[in-house]
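This report describes one protein chain, part by part. Please look over the sequence and the structure before reading on.

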Amino acid sequence: MAISFDKKRKLFHLTNNKISYYFFVNEKNILQHLYFGSYLDDINIESITNLGWDWSKTYLEKDTNIEKFYQDNYYSDRSLTEMASHGVNDKKGAPIIINHKDNSNLTDLRYKSHRIYQGKPRLSNLPHTFLNNDFEADSLEIVLGDIKDDIEVILTFTIFNNLNVIARNTTIKNNSSDEIRVRRAYSLQLDLPHSNYDLYHFHGDWCLERQISKQRLADGLKRISSNFGRSSHEENPFAILASPNANEDEGEAIGFSFVYSGNFAIDVNVDKWKTTRVMMGIKDEDFEIVLGKDESFVTPEGLIIYSNSGIGELSRTLHDLIRNNLIRSKYVHAKRPILFNSWEGCYFDFNTEVICEYIKDAKKIGTELFVLDDGWFGTRDDDTQALGDWYINKEKVDLNKIIKTCHDLDIKFGIWFEPEMINPNSKLFKEHPEFALGYKEMDRSLSRHQLVLDTSNKKAVDNIFEQMCEILDNYDIDYVKWDHNRWISDIYTYHLDHKYQGEIYHRLMLGSYDLMERLCQRYPNILFEGCASGGGRFDLGILYYAPQIWTSDETDPVQRLFIQYSTSMAYPLSSMGAHVSKNPITSYKTKADIALFGTYGYEFDPRKLTQKDIDEVNEVADIYHKYHHEVIQNGDLYRLYSPYETNYMSMMSVSKDKSKALILFANILKENNRYRYLKLKGIDQDKYYWNSFDNKVHKGDYYLNVGLNLTRWLDEFTSFLIILEERESYEEN
């Protein structure tokens, strides 16, 4: 069992023999945190917790009104804890804030019981990591009781045996006969004994998603958050604390990732003692959960990822977790088709004949899946109308003919939906105005001419589900692109009592998850791809339902170097939708090289390609078929050069058996001829590898320590796509 409890010391130890997480129950039944990091066989509680004499080591005993000392080196204002109480002497922030029947927010949580078991719990109605068998992880549940009222807070910890990951979530249960209001319900807290960290977070905008921000932790509170109703373009629900000397290959790094797609907050608080408290969960702005007697609230899952071998190792750990223990789709490890999307080729301006021409020309560049994007339904000739009217515009589109054209060419067919939005100029809105979010007596904000479908209303969700099923049941559809083109605002719903209005953001997300779950269960053979104006909802919650997400609407390949590099800090290449676009800034070869380090596909008017363009993309398509599945989709990623710190973006992906690798190197600004050696990573130093760059065989240690000689003149936006293949010896070529 990976989790132990020392009854004498009341000491918990979570370990997989690579990492250790220690805390104990003190004499006042408060959970004191001790250590999180590389494996420790044992720990000395007294040595760690003794902080010197301090006023905060005493308390006024409630029964006698006599001042007494905490006996277990507990300092009420600065000891490290597992679940801080709110309204007490600890001012570093509390994960749970409850408004009680007497309107007090004072909560004092103390240990009541625990249980340790093999396996991992599943979360009802929420995305979460799962196990392929119960032997992959062990779990600990600790019940805390509030001293003031009959309320329980249940902490759940799961440690994975083969991955340095701890999953956390919290359940709040009201056992009292009085109604309570939960004002904050974070999923995890981690206290660290110093603040000597660099904080990495991933901010941005539309077409500028997940830009890397690195800053030294400073005194005070740093909040990374979204109040957009989705995880957002502006911030991603992922952050890293790394030691100042950490890089891709060395140093300590702790990652925090949230399995949720709505509003979130990651609070990093450095106090006056230079300790650091990290809390993560649903953002408490516009948040309130009402719990009656015997009702519970379950928070989404938060993940803590640990590496003592640099940020690259942290990324690879999270990538493996996502592919093996989060994404459920049958396509997670299966070879995926080369995709062609119609959007940038024609936008709304198409008919059946145009689309059939696209399909025939797309076949020339190896297309295996054709996707008809926006504009096929209702009266949808522009973006002012018809969202919510999910029936075929038969005057514009003969869908049977389009699908037959695909199948005659051995091409699969996919289609676009935006289920969570509604146009005021739609049949659905005119028949059911109550399906749109917002207060009718106020002007409502529009974005891209859209209102938000009230997915907290089950009738609205059922309506969209039935409309989508009518299409998916009656047409041979292999793929669905699921878009989400505006953030959430006008937070008011008419189908809930006024006292539940503070639950809308979360209920909207639960309604969307319900719709996704029902469709995934009904259509397990459909490949779903998430999208939100590009990468505005790129998170672990969506990946639970869809194995890939459109990374960004920015298809400039040079900007994609930055976006795909930073996205890879948390998310595997196999999850990153990447297309060769019509953007003219580089050659088609360079665009294809970059798209190969994603899901790989096309998005342009195929009728306008020259023979040179066709030859260039087909060259990369051949590499896709031979290597992508084993090396990119299921391999290990190593980042070699950061475009945020150098003039290059370079990364390589290595098959799990280390027999093959693909390397991408691209420069940004022009460079003169100079010494330039690209040292590789991740391959076996004792194996021999042929490389496609100079067509030679070298031993692994040569590539690792000398590297590939790229000494040459580099024009701007030059790219190299290099193959490595294992050979038996130097002589084999």
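## A covered helix

Helix 11 (residues 588-596) is mostly covered, with 9 of its 9 residues buried. Buried means under 20% relative accessible area, exposed means over 50%, and partly exposed lies in between (1.4 Å probe, protein chains only). Helices (H or I, at least four residues) and strands (E, at least two) are DSSP runs, numbered from the N terminus. The model is predicted: local features need pLDDT of at least 70, side-chain atom pairs count only at pLDDT 80 or more, and totals for chains, interfaces and linings use all residues. Residues are numbered from 1 along each chain as its sequence is written, and side-chain values use heavy atoms, with hydrogens and water left out.

Among the buried residues of helix 11 are Tyr588, Lys589, Asp593 and Leu596. What do the buried residues of helix 11 pack against? Their partners are helix 10 (557-567), strand 32 (580-581), helix 12 (611-633), strand 36 (660-667) and strand 41 (719-727). Contact here means heavy atoms within 4.5 Å.

## Salt bridges

A salt bridge is a side-chain nitrogen of Lys or Arg within 4 Å of a carboxyl oxygen of Asp or Glu. By this rule the count comes to 57 salt bridges. One of them joins Lys101 to Asp178, with the closest N and O atoms 3.4 Å apart. Lys101 lies in the loop between strand 7 (96-99) and strand 8 (109-118), and Asp178 in the loop between strand 11 (165-174) and strand 12 (180-192), so the pair ties together parts that are 77 residues apart in sequence. Lys101 counts as exposed, at 55% relative accessibility, while Asp178 counts as partly exposed, at 28%.

Glu517 and Arg328 form another salt bridge, in which the closest N and O atoms are 2.9 Å apart. This pair links distant parts of the chain, 189 residues apart: Glu517 is in helix 8 (residues 504-522), and Arg328 is in the loop between helix 2 (311-325) and strand 23 (339-341). Glu517 is partly exposed, with a relative accessible area of 24%, and Arg328 is partly exposed at 29%.

The side chains of Asp605 and Arg607 also meet in a salt bridge (3.0 Å, N to O). Asp605 is buried, at 9% relative accessibility, whereas Arg607 is partly exposed, at 37%. Elsewhere, salt bridges that share partners join Glu179, Arg181, Arg183, Glu288 and Lys499 into one network.

## Nonpolar cores

In soluble globular proteins, nonpolar side chains tend to be buried together. A nonpolar core is a set of buried Ala, Val, Leu, Ile, Met, Phe, Trp, Tyr and Cys residues joined through side-chain atoms within 4.5 Å. Which residues of the largest nonpolar core touch the most other members? Of its 190 residues, they are Ile240, Trp376, Phe413, Leu519, Tyr600 and Tyr602.

Leaving aside its neighbours within four places in sequence, Leu519 is in contact with Phe465, Met468, Cys469, Leu472, Trp482 and Phe528.

## Two pockets

On a 1 Å grid over the protein atoms alone, a pocket is an open set of points where a 1.4 Å probe fits, with protein on both sides within 12 Å along at least five of seven lines; lining residues have an atom within 4 Å of a point. Grid points are joined across faces, edges and corners, and a volume is the space filled by probe spheres set on the points.

The largest pocket has a volume of about 680 Å³. Of the 30 residues that line the largest pocket, Ser124, Asn125, His506, Arg507 and Leu510 are the closest to its centre. Helix 8 gives the most to this lining, with 7 residues. The second largest pocket holds about 550 Å³ of space. Its lining has 23 residues, and Tyr70, Val88, Asp108, Arg110 and Ile147 lie nearest its centre.

## Two single residues

Arg316 has its place in helix 2 and counts as buried, at 10% relative accessibility.

Lys670 lies in the loop between strand 36 and strand 37 (677-678). Lys670 is partly exposed, with a relative accessible area of 48%. Beyond residues up to four places away in sequence, Lys670 touches Trp713, Leu714, Asp715 and Glu716.
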